[in-house]
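Please look through the structure shown here before reading on, and keep it in view while you follow the text.

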Amino acid sequence: MDDTDCTHGRFSPDNWQFGGRGMPQLCKALQKIALIIPYRNRDKHLKTWLHYMHPFLQKQQGDYGIYVVEQVEDSTFNRAKLMNVGFTEASKDYHYDCFIFSDVDIILMDERNLYRCSQNPKHMANSLDKFNFRLPYQTLFGGIVAFTKEQFLKVNGFSNLFWGWGGEDDELYNRVVAAGMKVERPNPNISRSRVLTHPRDPGNEETRMSLHLINKAAQFMHEDGLNSLKYEIVSHTKHKLFTKITVNIGSSQQ
Ligand code: UDH
Ligand code: MN
């Protein structure tokens, strides 16, 4: 996949729709990209992210939509399950064929780093300022990952069972390997990114509860994921710069 048909187009402000959808005017993008952001109570980060990333995506001639998936209050945060909801709901909106799952607090620094999917699932947060632009460990798969629809279906999405901070990204890495794919990464000189600093959020404490599942990815991936996902939509609103999906995903007690 490449975007050579879309590098000379121009992005026009007319080609803009509510719900955070943008598309180039004078060319046809090869990939239709949904950006999925797991979210709760990070208004300042979201504003910053939108401020930097819309122009970034437009300069890259992206045909894209931004989905902020908000977990309703009062249960422990579940980043991975929100990603699965985002994938499922965005797929009902438009024929997206590339899904980029992104934390709200990572801003790419170099426009050559294409927000696009590749032949293999792609880990895009491999060069963060907070880690001195180095990969802290070889199997790191957190922050931002890009999957084609086919790749994401092949791993049955994320596990739904990781409540609280940590582990869901390592489990997804193991799914990718178990499905016979490998992880790609952009050149770290190009993928340099800035991380907005913050303390740990209440309701997202580090958990060891589900960590035993990481090594069982191959065993459970076909029964835990997109095909076992349950949720209730609380609201689905198209704002100017993003589509916000507020969702009740239950709690670890259920
Ligand atoms: N998120 C929210 N709200 C929350 C928790 C998480 O929106 O209450 C989302 C958000 O998109 C965030 C992502 O989930 O970027 C990942 O969560 P995180 O940013 O808390 O994870 P990270 O690994 O931080 O960046 C861990 C805690 C940092 C403590 C640092 C103390 N120096
Ligand atoms: Mn963070």
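This is a predicted model: local features need pLDDT of at least 70, side-chain atom pairs count only at pLDDT 80 or more; totals for chains, interfaces and linings use all residues.

Residues are numbered from 1 along each chain as its sequence is written, chains are lettered from A and ligands numbered from 1 in the order in which they are written, and side-chain values use heavy atoms, with hydrogens and water left out.

Begin with the manganese ion (ligand 2), which is coordinated by Asp105 through OD and by His198 through NE2, at 2.0 to 2.3 Å. Donors here are N, O and S atoms within 2.8 Å of the metal (3.2 Å for Na, K and Ca), and because water is not among the atoms, sites may look incomplete. The two residues are 93 residues apart and link distant parts of the chain: Asp105 sits in the loop between strand E5 (98–102) and strand E6 (106–108), and His198 in the loop between strand E9 (193–195) and helix H5 (217–220). Helices (H or I, at least four residues) and strands (E, at least two) are DSSP runs, numbered from the N terminus. Is each of these residues buried, partly exposed or exposed? Buried means under 20% relative accessible area, exposed over 50%, and partly exposed in between (1.4 Å probe, protein chains only). Asp105 therefore counts as buried at 7%, whereas His198, at 38%, counts as partly exposed.

In soluble globular proteins, nonpolar side chains tend to be buried together. A nonpolar core is a set of buried Ala, Val, Leu, Ile, Met, Phe, Trp, Tyr and Cys residues joined through side-chain atoms within 4.5 Å. The largest core has 32 residues, of which Ile36, Phe99, Phe101, Phe141, Phe147, Phe152 and Val155 touch the most other members. Among the elements that each supply at least two of its residues are strand E3 (32–39), strand E4 (63–71) and helix H2 (79–93), and H2 gives the largest share, six residues. Apart from this core lies another, of 29 residues, including Ile37, Met53, Val68 and Leu128.

A disulfide, which is a pair of cysteine sulfur atoms within 2.5 Å, joins Cys98 to Cys117, with 2.1 Å from S to S. Cys98 lies in strand E5 and Cys117 in the loop between E6 and strand E7 (122–123), so the link ties together parts that are 19 residues apart in sequence. The link is right-handed, with 85° about the S-S bond, and both cysteines are buried.

Two strands pair if DSSP finds at least two bridges between them, and strand E10 (residues 232–238) and E11 run antiparallel, joined by six bridges. They form a hairpin with four residues between them, and Ser235 stands opposite Thr246 in E11.

Finally, consider some single residues. Asn132, in the loop between E7 and E8, has a positive phi near 55° although it is a residue other than glycine, and at 56% relative accessibility it counts as exposed. Asp63, found in strand E4, is buried, with a relative accessible area of 8%. Its side chain makes polar contacts (a pair of N or O atoms within 3.5 Å; within protein, one must be able to donate a hydrogen and the other to accept it, and residues adjacent in sequence count only if both atoms are side-chain atoms) with the side chain of Arg21 at 3.0 Å and with that of Tyr94 at 3.1 Å.
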